[in-house]
Amino acid sequence: MPAVSKGDGMRGLAVFISDIRNCKSKEAEIKRINKELANIRSKFKGDKALDGYSKKKYVCKLLFIFLLGHDIDFGHMEAVNLLSSNKYTEKQIGYLFISVLVNSNSELIRLINNAIKNDLASRNPTFMCLALHCIANVGSREMGEAFAADIPRILVAGDSMDSVKQSAALCLLRLYKASPDLVPMGEWTARVVHLLNDQHMGVVTAAVSLITCLCKKNPDDFKTCISLAVSRLSRIVSSASTDLQDYTYYFVPAPWLSVKLLRLLQCYPPPEDAAVKGRLVECLETVLNKAQEPPKSKKVQHSNAKNAILFETISLIIHYDSEPNLLVRACNQLGQFLQHRETNLRYLALESMCTLASSEFSHEAVKTHIDTVINALKTERDVSVRQRAADLLYAMCDRSNAKQIVSEMLRYLETADYAIREEIVLKVAILAEKYAVDYSWYVDTILNLIRIAGDYVSEEVWYRVLQIVTNRDDVQGYAAKTVFEALQAPACHENMVKVGGYILGEFGNLIAGDPRSSPPVQFSLLHSKFHLCSVATRALLLSTYIKFINLFPETKATIQGVLRAGSQLRNADVELQQRAVEYLTLSSVASTDVLATVLEEMPPFPERESSILAKLKRKKGPGAGSALDDSRRDPSSNDINGGVEPTPSTVSTPSPSADLLGLRAAPPPAAAPAPAGAGNLLVDVFSDGPAAQPSLGPTPEEAFLSELEPPAPESPMALLADPAPAADPGPEDIGPPIPEADELLNKFVCKNNGVLFENQLLQIGVKSEFRQNLGRMYLFYGNKTSVQFQNFTPTVVHPGDLQTHLAVQTKRVAAQVDGGAQVQQVLNIECLRDFLTPPLLSVRFRYGGTPQSLTLKLPVTINKFFQPTEMAAQDFFQRWKQLSLPLQEAQKIFKANHPMDAEVTKAKLLGFGSALLDNVDPNPENFVGAGIIQTKALQVGCLLRLEPNAQAQMYRLTLRTSKEPVSRHLCELLAQQF
């Protein structure tokens, strides 16, 4: 690159930068910048005979001002003029300005393309490199279309300089990543591959990066690169540090190129040619041998470069998984790193050994390091290293060491970091099930899990033990005895109560012969935990009690007394109230035979994949559990504990108030199914699983709409529900919304579920769904204190004339909310006409004798009633032109308040309610959407276009609807999300 002479120092630029740095305040800086901008503008407009030096100096100042965060709206033409200069420094500044400030949609792109084309044809290597750098930096599709055919020609031309080839390869890589369809590699493929034989190492490095990217899409086209890559790698590995002096880094020859070549080889299976494969194996052995040699330097850079090649070599050995000798040597090499003083090396060694553990050739070698890994789990200071140690123990586990590994992980669980406890619980549960030699050990392990880390034992884990106990006759008696003993502990986790309630309800008769666990003792033990449990657990215990009446008739009077108690029959929770009423009636009316038929023992569950393993895979990603699933490791393990899952028909749906946001899975099968008549209101419209309904029935949309109707009079739930809506006070009866009400409302514009409000006393959660012009919303009020809320009154208020636009039907909630308890309120919503202001939610209660009140904005906005609409590009533009009246369009240009991420933007637009239309906007970076707002009175069509400008960190949002107020309101709502 040409040197910059003293004359190019640009003293005026240096003085300006000095002035900016000496400014004492932001105001002074802005004043100085405005003065300079005015001066530059006058120079550009007034003096038509500006020389190249002056243009360069002023363009540099504009560039500096832009980098300070100020907008620049002129000077672009002068920068383009600099491209035609024959001086390197002037051309360089012109290209720099264009690369930074010119938008890919700019009108100047055509002029810029002409200048670039001239430089590429000039055969001046410096100018060609500048042009290629500009193409790569801008990277627009238009530039790609203009130069995609020229760049491969420059890359493989025999007379191109090495620096030009490097730039061309990296420029082509950039264009391929942006628009793969524009790079025509068919005729150039073989010549690009042969760049791996180039004399210049820089060209080879750039070519490897390009080929690695290209071969992922078209591996067969670039298959010839394998032999060339092996040949080049062999020459590097076998060379001394003095052979490649220009590319030797701290006595390590070409480390970056070596790593890239090893990664390129991982795109393909082992070479088929025996000679190539032998040469590659020799290379890999050489790298492993060099790792054993004493270091040639004590500098950290030397060890980093050497270890980078070593770990990439081990990754290639693992990828091939065909050389037992190399796999064992790699394992032994990693074993040495397990006790290295460098934390990063220990982490990488553990991570690589996790993959090695899944190979049949190296699994036994990995197992030899079990003591070192267990020690790392206990003593490592870094939590991420401890997590990798737990992963490795999980991966190396088999029949021979399962008990040792599970006991060590259980021991570690008592002091483990909270961030990884749930994951360790899942792994222990999977290993205990997979490698159980007898089911008594499995039951003991799961109960120990609940005792040690009950808060982190997810529902999948304790569902699983119930399924296995139900399916295995030989373990039912032991499980009943063990869980009975566990329930006698003074401090007993709620998950233990759930497991105990289910198992004793099903198999308590197997231990009833022992006086120490007689039926009255079992009932007394379970009922002593009743008042400490959540609603879902109490519902399960009520099912256990009715099971006891069938199993142990002598307990009937006692249990009926519990069911008859006012706290059950008049319980504020409808699920508990219903169960108490129905179970009491069932035990009083039904004969012994009918009772035995209704409450017969649960049938075995159908065999399915373990839900625990599925959850671990979701938590860790697609690769999780591969070591455990690998049948090569332990072919006989499949006969242990076949996966079982409850079918939808055997799972009862809990009261939504069992969880604040109602987002958890359903509890284990209750002893008695809910009556069919109660199904109408118990259907969870937000359930992820399929409803247990006949296949012939209403469509999901019809079912949803029918749920918003009042219950039929003959339904038992209709007798328990409160049909009268809560009194709706006027706006003058409540206080103004809290200051952060608008901020809380904005959080729900693009989502339906979450926490609406939370302070030290109260948490309010929201879960809602909208279809057409109807919606249903669940509000969950959680008492975060230990003191009961009195006179708890949540009401919905319609400010102004909102009641004529939006109908909200509410149901009363209990006036008292116990400490630590939650109550639920259901709102049925109907959009009558378009509206601009949301309803208000007023919550009043007494806490410790002190009145408390707050007013929030209910997260019901007009976009909730969006119906996404798909349409072709032609239909979209036709409709766009129809909505061309000034009042029908609302547009806003605004700064980005969050990082500009395309996937996040897409998710927000989908959450807003519109359909995203592909291949409509000529600029692929823009987003186009369409939808219809459904109201009872009319439908409002809506089209939107969002144009992000990543360089300026700004958006332009344009909305067109058939109603002017709706356009403005939707534009304001959506703009606040970005």
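**Figure 1. Strands E4 and E5 form a hairpin.** In E5, Gly782 is the bridge partner of Gln763. Strand E4 (residues 762-771) runs antiparallel to E5, and the two pair over 10 bridges. Helices (H or I, at least four residues) and strands (E, at least two) are DSSP runs, numbered from the N terminus. Two strands are said to pair if DSSP finds at least two bridges between them. The hairpin has 2 residues between its strands, and Gln772 in the turn has a positive phi of about 55 degrees. The structure is a predicted model, in which local features need pLDDT of at least 70 and side-chain atom pairs count only at pLDDT 80 or more, while totals for chains, interfaces and linings use all residues. Residues are numbered from 1 along each chain as its sequence is written, and side-chain values use heavy atoms, with hydrogens and water left out.

**Figure 2. Strand E5 is covered on both faces.** How many of the 10 residues of E5 are buried? The count is 10 of the 10, so E5 is largely enclosed by the rest of the structure. Buried means under 20% relative accessible area, exposed means over 50%, and partly exposed lies in between (1.4 Å probe, protein chains only). In a regular strand the side chains alternate between the two faces of the sheet. On one side of E5 are Leu774, Arg776, Tyr778, Phe780 and Gly782, and on the other are Gly775, Met777, Leu779, Tyr781 and Asn783.

**Figure 3. Strand E8 pairs with E5 and with E7.** E5 (residues 774-783) and E8 are antiparallel, with 9 bridges. Strand E8 (residues 822-831) is largely enclosed by the rest of the structure, because 7 of its 10 residues are buried.

**Figure 4. A network of salt bridges links Asp19, Arg32, Glu36 and Lys61.** A salt bridge is a side-chain nitrogen of Lys or Arg within 4 Å of a carboxyl oxygen of Asp or Glu. By this rule the model has 38 salt bridges. One of them joins Arg32 to Asp19, with 3.2 Å from N to O. This pair links distant parts of the chain, 13 residues apart: Arg32 is in helix H2 (residues 26-46) and Asp19 in helix H1 (residues 11-21). Arg32 is buried at 19% relative accessible area, whereas Asp19 is partly exposed at 29%. In another salt bridge, Glu36 meets Lys61 at 2.9 Å, N to O. Glu36 lies in helix H2 and Lys61 in helix H3 (residues 52-67), so the pair ties together parts that are 25 residues apart in sequence. Glu36 is buried, with 5% relative accessible area, and Lys61 is buried at 6%.

Figure 5. Is Lys367 buried or exposed? With 16% relative accessibility, Lys367 counts as buried.

**Figure 6. Asp473, Asp474, Glu600 and Glu601 make a patch of negative charge on the surface.** Patches are made of residues with over 30% relative accessible area and no salt bridge; like charges are joined within 9 Å, and nonpolar side chains (Val, Leu, Ile, Met, Phe, Trp, Tyr) within 5 Å. Asp474 belongs to helix H26 (residues 473-487) and is exposed at 61% relative accessibility. Glu600 sits in the loop between helix H33 (592-598) and helix H34 (611-620) and is exposed at 52%. The C-alpha atoms of Glu600 and Glu506 are separated by 8.7 Å, although these residues are 94 residues apart along the chain.

**Figure 7. Tyr250 and Ala254 have positive phi angles.** Most residues other than glycine have a negative phi. Tyr250, which is not a glycine, has a positive phi of about 50 degrees. Tyr250 lies in the loop between strand E1 (248-249) and strand E2 (252-253) and is partly exposed at 33% relative accessibility. Ala254, also not a glycine, has a positive phi of about 40 degrees. Ala254 is in the loop between E2 and helix H14 (255-265) and is buried, with a relative accessible area of 5%.

Technical notes
Accessible areas come from the Shrake-Rupley method with a 1.4 Å probe; for residues, only the protein chains shown count as cover. Lys and Arg count as positive and Asp and Glu as negative; His and the chain ends are not counted. The place of a charge is taken as NZ of Lys, CZ of Arg, CG of Asp or CD of Glu.
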